[in-house]
Amino acid sequence: MLAELHPSAHLLCGLLSGDPSPARPTAALALELAGASVVDAGARERIGPDGPLVRLGLVVLEGDDVLLARRLRLPDRVVARLLGSHRATADVAAVLVDAEPVDLDGSADVAAALRVGEPLVWVHSPVGAAGTALAVAACREVDVTCLVGDLERLPVATGAGTDPALVRRTVRALVLEAGLGGTVLVLAGMDTNADPQSVYEDLKKKLKPVTGVVSNVADAWTETGELADQRNAQAKTGKLGDNTKAGRRLAWHIQKMFSASKRGKLQQKTKVLAAATSAAAANGS
């Protein structure tokens, strides 16, 4: 995410990865910035070609060199979502539908399954029945948002039906979109070509913790920027004692961004100092 935030960060990633110009970070640099050891087997598995980040489409691993020398890239949709965009990609938007919730027999059962954290719930209903509306009503019952996709909207080749590979790609794109938004995914027109069980087992085991970590990056960058502004203002007015540096730049941002504990301690100090300054000003008046 760092290389996507600012041209200077893009350049820094290149330099730290051994390039003379802007470049995406290597796997080794990404691990080091995240505070993980490059020889940590678990950390390497998470960013490897079969790891959850790559398998679920959150990260693309580029190149065929040794793992630590390969480049990591965030797909455009992941970057856009982390920066606040809610516009779905074309393949996802093509199958999205607005479904009205309808309380029917079975909706309470689906709601109960959602409450206990079931990752996959099948609603069997004839074509044209209200299975989708039932599922949406169950989501409303447990007060969660949902993303509704209808696989019947996919193109059908004459005499060949829907391409199974296209179904799988669309399902994975929908799973990613729902995971990024923290919503329940309701799929209409699901059939065995989509292999939903394997998709959702990946989602159950990996997507929730992974998206939680990734989504925190944008928040950490914002918090660090606000903290830098506050510390710079205090330095300019002499409130930091001998620390008169009032131009905290990219390197400072990166250091604090990837250390929640350091950032938290500095935020606390900054708040205490601001409160003391306000109290002194009030007494002086």
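**Exercise 1. Count the helices and strands, then judge how far the model can be trusted.**

Step 1. The protein has 13 helices and four strands. Helices (H or I, at least four residues) and strands (E, at least two) are DSSP runs, numbered from the N terminus.

Step 2. This is a predicted model: local features need pLDDT of at least 70, side-chain atom pairs count only at pLDDT 80 or more, and totals for chains, interfaces and linings use all residues. Residues are numbered from 1 along each chain as its sequence is written, and side-chain values use heavy atoms, with hydrogens and water left out.

Step 3. pLDDT is the predictor's confidence in each residue, from 0 to 100. Its mean over the protein is 77, and 76% of the residues reach 70 or more. Over residues 192–196 the pLDDT is below 50, yet this stretch has 11 contacts in the model beyond near neighbours in sequence. Contact means heavy atoms within 4.5 Å. Residues 206–215 also stay under 50, with 17 contacts beyond four places in sequence. Where pLDDT is low, the predicted coordinates should not be read in detail.

**Exercise 2. Describe the burial, surface and contact range of the protein.**

Step 1. Of the 285 residues, 36% are buried. Buried means under 20% relative accessible area, exposed over 50%, partly exposed in between (1.4 Å probe, protein chains only).

Step 2. Take the contacts with a separation of 6 or more. Residues 24 or more positions apart account for 61% of them.

**Exercise 3. Which residues touch the most other members of the largest nonpolar core?**

Step 1. A nonpolar core is a set of buried Ala, Val, Leu, Ile, Met, Phe, Trp, Tyr and Cys residues joined through side-chain atoms within 4.5 Å.

Step 2. The largest core has 16 residues, and Leu58 and Val78 touch the most other members.

Step 3. H3, helix H4 (41–47), helix H6 (76–82) and helix H10 (164–181) each supply at least two residues of this core. H6 gives the largest share, three residues.

Step 4. Another core, of 13 residues, lies apart from it; Val95, Ala173, Leu174 and Leu185 are among its members.

**Exercise 4. Compare Leu134 with Arg140 in helix H9: which is buried and which is partly exposed?**

Step 1. Start with the helix. H9 (residues 131–141) is mostly covered, with eight of its 11 residues buried. Including Gly131, Ala133 and Cys139, the buried residues pack against helix H8 (107–115), E3 and E4.

Step 2. Leu134 has a relative accessible area of 8%, so it is buried. Leu134 contacts Val102, Leu104, Asp105, Gly106, Ser107, Val110 and Val123, leaving aside neighbours within four places in sequence. Leu104 is 30 residues away in sequence, but the C-alpha atoms are 6.0 Å apart.

Step 3. Arg140 has a relative accessible area of 47%, so it is partly exposed. Its contacts beyond four places in sequence are Pro101 and Asp103.

Step 4. Asp143 follows H9 and has a positive phi, near 60 degrees.

**Exercise 5. How do E3 and E4 pair?**

Step 1. Two strands pair if DSSP finds at least two bridges between them.

Step 2. E3 and strand E4 (residues 184–188) have five bridges, in the parallel sense. Val186 in E4 is the bridge partner of Val148.

Step 3. Strand E3 (residues 146–150) is mostly covered: four of its five residues are buried.
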